[in-house]
Amino acid sequence: MRASDLDGLQKAAVLLIALGPEKSSMIFKHLREDEIEQLTLEIANTRSISSQVKEDILNEFYQICLAQQYIAEGGINYAKELLEKALGTEKAMEVISKLTSSLQVRPFEFVRKTEPAQLLNFIQDEHPQTIALILSYLPANQAAQVVSALSLEKQADVAKRIAKMDRTSPDVIKEVEHVLERKLSSLVNQDYTIIGGVDAIVDILNTVDRSTEKHILENLEIEDPELADEIRRKMFVFEDILLLDDKTIQRVLREVDNNDIAIALKGANEEVQNAIFNNMSKRLVVMTKENMEFMGPVRLKDVEEAQQKIVSVIRRLEDAGEIVIARGGGDEIVV
């Protein structure tokens, strides 16, 4: 087997094996949990690797590190010029290409590794447009935690700006990065970058707590009814259970804890309650109603969390293709 036959993950595993446990453990400290899991599994599955393959991968790694350093110092053209002198034109272009496409370095990468609480302190006083730009590059769960912690006035404003964001100049991205980190991103793609948009804010709203979700949508309905309607059409909220047919509701209920159902229904209207009760056995309906009565008053936060769990189950089943939810007045639901 040659180094060129291996994919990126396999090369990373061989590199860590070649570096040894001490240096590899130091590298692991800078990786995400999912990356560590993937690499650990790949290392475990790696059997015999020839000394030549190890040497080739170490050389490739060194060349990429060298290229990154050159790019940070003087940009792509500067790196290309120096690498051509050291490696030749063909090899230099190969290394540059790996950096700009295979590694897919994203703007605001340093922000993605920051805890949401720290990130909030970092950006909460920035202009809403700046916050929207940064959050558009973050994973939905990380962005959701930041949005939830913003002031109520900023939540809807930032959400609106993310939804309406389309293309952002790399110069603007670089300027924002410079302000936030005092250092430009070394590998920003020079093409205009498509970020944000309705899908981005839907992902975030699908992840935030229910209070934040309701607040943002209610404010958007006042400021921009058409945008709010477009977002709602792409979302699924707890009350949308009424849009599901009986078989789908029954499928969902099989995945949900009965105690969560009872708590969720404490804050649901009669129509939603009936939609769920009609798809439960008589014995389970009696037990659930007794449970709801026995638990007495329940905090709104607990009700919303239980409702969010049920919505998460629905979204998970939809993502898995086990149910199909018609949105925006489209086709009927197919199970």
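S4 is exposed, with a relative accessible area of 56%; exposed stands for over 50% relative accessible area, buried for under 20% and partly exposed for what lies in between, with a 1.4 Å probe and protein chains only. S4 sits in the segment before helix 1 (8-19). Its C-alpha atom is separated by 9.0 Å from that of I57, 53 residues apart along the chain.

A word on the basis of these values. This is a predicted model, in which local features need pLDDT of at least 70 and side-chain atom pairs count only at pLDDT 80 or more, while totals for chains, interfaces and linings use all residues. Residues are numbered from 1 along each chain as its sequence is written, and side-chain values use heavy atoms, with hydrogens and water left out.

Let me turn to the chain as a whole. Its secondary structure comes to 20 helices and two strands; helices (H or I, at least four residues) and strands (E, at least two) are DSSP runs, numbered from the N terminus. Of the 335 residues in the protein chain, 41% are buried. Among contacts with a separation of 6 or more, 72% join residues 24 or more positions apart, where contact means heavy atoms within 4.5 Å.

I move on to helix 8, residues 116-123. Its buried residues are P116, L119, L120 and I123. Seen down the axis of helix 8, these fall within an arc of 105°, so they line one face of the helix; the arc is that of the directions from the helix axis to the C-beta atoms. The face turned away from the buried side carries the exposed residues A117, Q118 and N121. As a general point, an α-helix has 3.6 residues a turn, so residues three or four places apart point the same way.

L120 is buried, with a relative accessible area of 13%. The C-alpha atoms of L120 and Q145, 25 residues apart along the chain, are separated by 8.9 Å.

Helix 9, residues 128-136, is mostly covered, with eight of its nine residues buried. Those buried residues are P128, T130, I131, A132, L133, I134, L135 and S136.

Next comes H215, which lies in helix 14 (residues 210-223). Is H215 buried or exposed? At 18% relative accessibility, H215 counts as buried. Apart from neighbours within four places in sequence, H215 is in contact with L152 and Q155.

Finally, I consider a pair of helices. The axes of helix 17 (residues 258-266) and helix 19 (residues 282-295) come within 9 Å and cross at roughly 60°. Axes here are lines fitted to C-alpha atoms, for helices over the stretch in contact, and angles run from 0 to 180 degrees between N-to-C directions. Helix 17 and helix 19 are therefore oblique to each other, given that angles under 35 degrees count as roughly parallel, over 145 as roughly antiparallel, 65 to 115 as roughly perpendicular and the rest as oblique. From helix 17, the contact is made by N258, N259, I261, A262, I263, L265 and K266, and from helix 19 by L284, T288, N291, M292 and M295.

At 58% relative accessibility, L300 counts as exposed.
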